[in-house]
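Hi,

Here is the model we talked about passing on to you.

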Amino acid sequence: MSQFNDLVEFFDLQERTTWQTELAAELFAHADLEPGMRVLDAGCGAGWLLLRWARQAKIEVVGIDNAPQMIARARQNAIQEKQPATFQVADIRRLDWAAPIFDRVVSTFVFFLFDNPGPTLQEVWRVVTPGGRLLLFNPGLSCTAPEMEHYATSRGWTGFDHDSFLQWGDVVSRRRRLTPADVESWWGDQIASFSHASLWNDIGLVTVAVKPSNE
Ligand SMILES: C[S@@+](CC[C@H](N)C(=O)[O-])C[C@H]1O[C@@H](n2cnc3c(N)ncnc32)[C@H](O)[C@@H]1O
């Protein structure tokens, strides 16, 4: 998906819109972070979600993305924000970490892009520590143009906030909308306990999967 190299300016702005700021806060609430935790963002884009979280909690953050120009921008953003984040070019379909080392893994606007998300999900799940969490954000069943227009208007979102939200809906219309059961199916026979939350009247779907602890 190297077309994302050409979209750096767009994502750098979109990740700071009202709606993405709201999403980062919602996921932060579900992450239940503790000081010292190691957190991975899989498909981190320009890095703003992690940089926000790192401002709010004393955590170690690592972002990976396979678009080198996206990672270059994320590194610049980390310097600008004075956050000691690590951003690396890497493919989330094949991770180099041999052992589970991340207490939390987050991934937003990524998995719905894959034709067959199961193998990639299981690769990312592999690096979550026992008792750790994987947090996903995907489009829900109401991620349609009329419902998004209605919702954006009801929230008073205008300008780039409004237009980028509707543009995301346009991308989704060419991909897929997801139910909790769709997302859970990506785990195959891997054991997890799930909770799901609807965001923006079911336009968005937040999934939290907890890995069994070793005890
Ligand atoms: C729609 S953007 C979302 C970026 C960011 N997570 C956000 O919330 O705005 C999808 C990102 O996933 C990255 N990506 C797509 N496939 C990937 C892969 N196989 N490995 C790593 N990153 C990938 C793209 O380069 C892009 O930055």
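In this predicted model, seven strands form an open sheet with mixed pairing, in the order 3-2-1-4-5-7-6. Its edges are strand 3 (86-89) and strand 6 (193-199), each of which pairs on one side only. From one strand to the next, the twist averages 15 degrees.

Asp41 shows both pairings: its bridge partner in strand 2 is Gly63, and its bridge partner in strand 4 is Val106.

Next, strand 4 (102-108). How many of its residues are buried? Seven of the seven are, so strand 4 is largely enclosed by the rest of the structure. If you want the cut-off behind that, a residue is buried if 20 or more other C-beta atoms lie within 10 Å of its own.

Strand 4 pairs with strand 5 as well, in the parallel sense and over six bridges. Here Thr108 stands opposite Phe137 of strand 5.

Finally, the helix that goes with these strands. Strand 4, helix 5 and strand 5 make up a right-handed β-α-β unit. Helix 5 (residues 117-126) lies across strand 1, strand 4 and strand 5 (128-139), and runs at about 145 degrees to strand 5.

Best wishes

Definitions and conventions: Residues are numbered from 1 along each chain as its sequence is written. This is a predicted model: local features need pLDDT of at least 70, side-chain atom pairs count only at pLDDT 80 or more; totals for chains, interfaces and linings use all residues. Two strands pair if DSSP finds at least two bridges between them. Helices (H or I, at least four residues) and strands (E, at least two) are DSSP runs, numbered from the N terminus. Axes are lines fitted to C-alpha atoms, for helices over the stretch in contact, and angles run from 0 to 180 degrees between N-to-C directions. Two residues are in contact if their C-beta atoms, placed from the backbone, lie within 7 Å. A residue is buried if 20 or more other C-beta atoms lie within 10 Å of its own, exposed if 12 or fewer, and partly exposed in between; C-beta atoms are placed from the backbone. A crossover is right-handed if, with the strands pointing away from the viewer, the path from the first strand over the helix to the second runs clockwise.
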